[in-house]
Structure formats: C-alpha cells, structure tokens
Amino acid sequence: MKSFIINLLRISIYFFYGVGFLSLFVFLFRPTNGIGMLESIQPISISGLVSIDHGPEEAIQNTTWNDGIRHSLIVRGYFNKDIRDGNSLIIWPRNLRVKIYVNGIERLSAGQRESFPDYIEYAGNSFQIFYIGDVATTDLIQIEVEKAYDSCRINVINSFFNNMYVGREGAVYQSIMRHELIHPLIGLTLTFVGILIVLSTLSQAFNKFLYMEKLNYLGLFCISGGICYIYDSCYEYIDLLFPYVLFNTILDLCCIPLLLFSYLMIVINTLENHKTKRFVSWITSIYVLITVTAFLFQMTGIQDLHIMQDLYLIVGEIIVLLSFTALIYELIYLKNKQLRKTFIATLPLIVSLSLKAVNVLLEHGIERRYIRMGILISCVMLIHSTLNYLKKTGELIEREKQMKLEIQNAQIRIMLSQIQPHFLYNALNTLQHICKTNGVLAAEAIEHFSRYLRGNMDSLTTNRPIPFTWELEHVKHYIYIEQLRFGDRVRIEYDLETTDFYIPTLTLQPIVENAIRHGITKQAEGGTVTILTRKKEDEILIKVCDNGVGLSPEQPEGKERSHIGIDNVKKRLMLQCNGTIEILSTHGTGTEVIIHLKGADLEHHESDSRR
C-alpha cells in the first residue's frame, strides 16, 4: 500500500510539473477577463437611454459604465442583434442584481436578494445563460442593474455590458472545454497531489520519521492552493461547471485563509529557534482568532465577509509577511541553512501576496492571475523538495529495516554465545557440589544463575538500549557464578563515576566474561577485573581492565574472542547508539577494553520498565 501511494505521488508530481509549465504559457497569452468564446457566440450590445441612480435619462455613451454609478442604473433601448433560433442570452452579472424586460415583460432575473440565505448578500461570480425567447432589434429592452455591494471597487457594471453574448448553451460549454480546460486541470491536479501527500503521511510508510507534521501542512497547503487556483482562474465559469453557487462562493472565501494558515504552520514546523517559533506561533494564533471571528460574523449575518474582504486579506498578508521575516531572520542571522529551501519555495507566494496588498491599498484593479501563479510556483517548488524528502525517507525506511534485522540477528548470536554447553555444564556441576554441602548457599547460587539465564533470554525481545544499571546487574550475576567456580582467583573492582546512561543489552557482560575466561583465569594465581565509568562533556567512557595474560604478538586481535560475541558487541554498539569499542592488550600484562558512547547519557526511553 505504501509503495503504491509513493509511486502514485511521484507520477502525479511529474505530471503536475508538465501541466504547471504549460500553464505558464497560457498565463502569458490568456485574456484578463471573460471566456474565449467560439465564433458562433456573438457579442450583443444595447443602445438607447440610461438613468443612473434614478437620475434623468441620458443617451448611452461609449464610456466606462461604472463612472459616477453609486448604486444602480436603468437602461432602455434596443439590442443590435436579434435573438432567434433557440439562442440564449449569456451575461456576466458578478456582484450585480439584474432584471431584463422585453416590451415590458420580465424575461430575466439574476442575483436577487431573495435567492440567497439571510447570512450572505450575494453569491456567484460566473457567466450565466438565460433563454429569454425570440427578441428582435425592434423590441424595447429595459435592463435594471443594481450593485449588490455599494463599496465594490471592481468595474462590475462595465464588465457586465461588455460581456453580453448571444449563442447556444452547448457552444458556451464547448468554448470552456476548448479554451479554458487547462486551469481546472491544474487546480485539480494540485489538489489531488495535496491529498496524496496527506494520505502518505497518514499511512504506515512514514509514521516513525520526523517532519510528518510539516508534510501534513504541506498537503493542506497544496489542497487549499489547488482549490484557490480553480476558483481564482475559473471564477468566470465555475458556476457553469459546478452549479452550486452558494457552495462555490463560501469555498472561495475559505480557500485563501486556509492557504495562509497552512503556510504559517509550515513555517512554524520549519523554524528551529524557540524564540522565532514562539513568535510565529503567537501571530498564527491571532490570525486564527481573526479568521474564526470573521466567519462567525458571516454565518450569523452580522457582517458580510465580502464587504470586509480586502481589509481581512491585508491583515492576513501582513501576518504572513511577519512570519516570512522571522524565516529570513533565522536563515541569515542564526545561520539555519535548513530554511533555505522553504525560503526559496515560498518567495513567489510572498511576492504575489505583497503585490495584491499594494493593489488593494492603492485602489488599483487586482490582477488575479498573479496571485494564482505565485501559488502555483510555490506549490511546485515545495512539492519538488517534498519529492526529494520522500526519496530520502524511503532510503531511511529500508536502512531502518536492515538495521533492525542486523540487530535482531546480532542479539540471537550473542545470546546463543552466552549459553554454551560447557558453561552450563560447569555451572551445573558447581551447583550440584554446593547442594551437597551448603543448602542455603545453593539456593542463593541458583537464584543468581536463573537471573543470569533470564537476562540472556530477555535480550532477544529488547531492541533498544537499556539502563547501564540493568546491564551491570546482569554482569554481577555472571561474576557470582564464576567466583563460585574459581574462588579468590576471580577478583572484581568497581570504579563507577556515573551509571545514568543507556547501552545495548549484553554489551558489558561479554567483555567481562572475556576478561575472566581468557585473561585472569589463564594464570594460576588468577587476577583482577576492574570496571570503570567516566563522564566527559559529550561522551561516556566504559573501561574493562584485567591484569591477565594479554594477547601474544602472533595472536590476531579478537580472533580467539569472537566466539563469545565481541564482534557482535561492536556491531550493536554502532547500530544502536553510534558507539565504538577499542581493545588495548599487552602480552603478559593484561587487556583494556574501552567503550565510547556519544551522548548516551542524554538518551531517555519512555517505554523501558524494570525486568
């Protein structure tokens, strides 16, 4: 399942690259407003008289319709084309309430207040198609147009009269499919990629790795960015493709806040300095509070969000710019090079949002496509970095599997090496002899022997380092048994400066066993094994020293000892805690084994429990 999701995500991303680059060319040549209509759809205009805000009627001039219009206008005149043969009237009544009368009879009504719930003044920004019957150029036409929002700065009335067409309904959909299909395809692909990213993080493929929360918010960023791209690029015809006007309007209002929120969360999960992270978290909380309040006002009918949309978006853009400033601060002044990819990837979005804020403040017409291109480029770059991350994560998954397998095999080998027949035979012979002479001592010896065997068996089910004190306890059980066999020939000294750290299971015991069996007991008088621990700034040292026979010059280091697990100890030290082992031996003097643990004293395992 996980490999299927990863492969599907990769294919979708590469497909998205192609669609994205294709859209760059469409972006350069596509007209700003309207739909690229087929030739069978003809523009239609009206000539006659106009009354602005119930003022006196004047002749219609070829000027900007929106000039001087505060609320409404009424046009009476004649179309320049007949509407016959089953053709329809195609209009663009965005943010307008429109009625059209033919010879005094109402033929068309669009955007009227009673069509919408109480909590919203207006919904819908797309072209609409109306069949109004046959209309001749001699029929008297009256068009009543009223702004839904008096504060609307967009030249909606001018757009309405400049985008009236006559044609068949099917030809409109053919026009959309032929000229406009690229944009919903881009948005849907981006949304689909975002969904795949979220699904991949929710699957079992990556649940044990870092930055999962960042990936979840990246998926949310792509989903909201894709929806925003669809509604921002297709607002002229989205209600024709998906005829749920109220739903489209609410989703359009939600996608930008969701996009900005997911961007803020990506920044929070990217930052490492606790001060900058706390600052961005604080301003994000403010933005969430403002957003929730605005939508509560909308849904309760206290304040229509459309009226305050410009101000609301400027506040969001300011908060995003503050978070981007925190990103730059940590990147430049705190030298956090890990933020470079996030900075570069989100820069197009920040630039487009800044341009939009400037346009709003200067009361210029907002060029919508610059916003969506900023979203598209940022999403492509973030997804590209995610693809690289997924590749590295897959390699980590395989490496972790291999590491677990090697640790498990090493644990089995070390456990088996500790329970050899000759050791069991010698230990049981010793216990049998004690049972005949001292029952109390025999009971105590059996207790130590059973705990020693249990410690070996427990090592099979322990995949993580254990507290050093646990391993030391296991060593003491083993030493007790050996002292029963060899008596005063086996002497142990402890010099433990610290015991508050973790080591792999069965690390110390094989080394002590090696010192006793192949070091001090090779001498008639025996010897002493010293166990020593030292704590340095970023390192723990464990030394096991003996004054036994040592290694002869012709004896390869570790060859004789490998059968009791020294090689396995080295491997598990490296795999589980990046530790190393060093063996120093002098013939006739003794052997010193040094274990180096980097940062082991700082490691904490919540799931550990005493055996």
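## Helix packing and strand pairing in a predicted model

The axes of helix α7 (residues 245–270) and helix α9 (residues 309–332) come within 10 Å of each other and cross at roughly 15°. Here axes are lines fitted to C-alpha atoms, for helices over the stretch in contact, and angles run from 0 to 180 degrees between N-to-C directions. The crossing of α7 with α9 is left-handed, that is, the near helix is turned anticlockwise from the far one by less than a right angle.

Contact means heavy atoms within 4.5 Å. Residues of α7 in this contact include L253, I256 and P257, and those of α9 include Q309, Y312 and L313. The residues of the contact divide into 13 nonpolar, 3 polar and 1 charged. In this division Ala, Val, Leu, Ile, Met, Phe, Trp, Tyr, Cys and Pro count as nonpolar, Asp, Glu, Lys and Arg as charged, and the others, Gly among them, as polar.

This is a predicted model, in which local features need pLDDT of at least 70 and side-chain atom pairs count only at pLDDT 80 or more, while totals for chains, interfaces and linings use all residues. Residues are numbered from 1 along each chain as its sequence is written, and side-chain values use heavy atoms, with hydrogens and water left out.

Helices (H or I, at least four residues) and strands (E, at least two) are DSSP runs, numbered from the N terminus. Two strands pair if DSSP finds at least two bridges between them.

| Strands | Sense | Bridges |
|---|---|---|
| β12 (residues 490–496) and β14 (residues 527–535) | parallel | 7 bridges |
| β14 and β15 (residues 539–546) | antiparallel | 7 bridges |
| β5 (residues 88–91) and β8 | antiparallel | 3 bridges |

The bridge partner of R491 in β14 is T528, and K535 stands opposite I540 in β15. A hairpin of 3 residues joins β14 to β15. An open sheet of 4 strands has the order β1-β10-β5-β8, with antiparallel pairing. Its edge strands, β1 (42–43) and β8 (128–130), each pair on one side only. In β8, F130 is the bridge partner of L89.

The pLDDT is the predictor's confidence in each residue, from 0 to 100. Its mean for the protein chain is 80, and 77% of the residues reach 70 or more. Among the elements, helix α1 (residues 2–29) has the lowest mean pLDDT (57) and strand β6 (residues 96–102) the highest (95).
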